[in-house]
Amino acid sequence: MSGYLFRTYGSRYISILSRVWSGNSQMMKNSEATLRKTLEAKFPQAKNIVVNDISGGCGSMYEIYVESKEFKGLSTVKQHRLITETLKSEIKDMHGLRIQTSIAE
């Protein structure tokens, strides 16, 4: 029964999904710090970048706030597109993402 979704630990089988849900997974790729660093690299003039894991610690849903002069003249939709394009590879592993942006003065 040992395969992709189950691993043997002694005489027990433990689901990899249960490790993800417990927030204990080595498979979890995203973290608040890595997402923030990615956004800081894309928006070097940002006055404020906040990333919060709102999934209970498993990394499946994040709330992101970016305040930057780089958003000046852009609609909210275009601002959010910049965020999602920046995090494109990370988003594919997420359940959801809340984005809030503002223009720094």
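Tutor: A polar contact is a pair of N or O atoms within 3.5 Å, where, within protein, one atom must be able to donate a hydrogen and the other to accept it, and residues adjacent in sequence count only if both atoms are side-chain atoms.
Student: What makes the pair of T101 and H80 a polar contact?
Tutor: The side chains of T101 and H80 are joined at 3.4 Å, and the limit is 3.5 Å, so the pair qualifies. The side chain of T101 also makes such a contact with the side chain of Q79, at 2.5 Å.
Student: What should I keep in mind about the model itself?
Tutor: This is a predicted model, in which local features need pLDDT of at least 70 and side-chain atom pairs count only at pLDDT 80 or more, while totals for chains, interfaces and linings use all residues. Residues are numbered from 1 along each chain as its sequence is written, and side-chain values use heavy atoms, with hydrogens and water left out.
Student: Why is T101 called buried?
Tutor: Buried means under 20% relative accessible area, exposed means over 50%, and partly exposed lies in between, with a 1.4 Å probe and protein chains only. T101 has 15% relative accessibility, so T101 counts as buried. Of the 105 residues of the protein, 27% count as buried.
Student: Which residues are in contact with T101, leaving aside its neighbours within four places in sequence?
Tutor: Contact means heavy atoms within 4.5 Å, and with those neighbours set aside T101 is in contact with V66, F71, Q79, H80 and I83.
Student: In which strand is T101 found?
Tutor: T101 is found in β5; helices (H or I, at least four residues) and strands (E, at least two) are DSSP runs, numbered from the N terminus. The protein has four helices and five strands, and from the N terminus on they run β-β-α-α-β-β-α-α-β.
Student: Why do β3 and β4 count as paired?
Tutor: β3 and β4 (residues 61-67) are joined over six bridges in the antiparallel sense, and at least two are required, so they count as paired. In β4, V66 is the bridge partner of I49, and E67 stands opposite N48.
Student: What makes a nonpolar core?
Tutor: A nonpolar core is a set of buried Ala, Val, Leu, Ile, Met, Phe, Trp, Tyr and Cys residues joined through side-chain atoms within 4.5 Å. The largest one has 13 residues, of which L39, V51, I64, V66 and I83 touch the most other members. The strand β4 gives the most to this core, with three residues.
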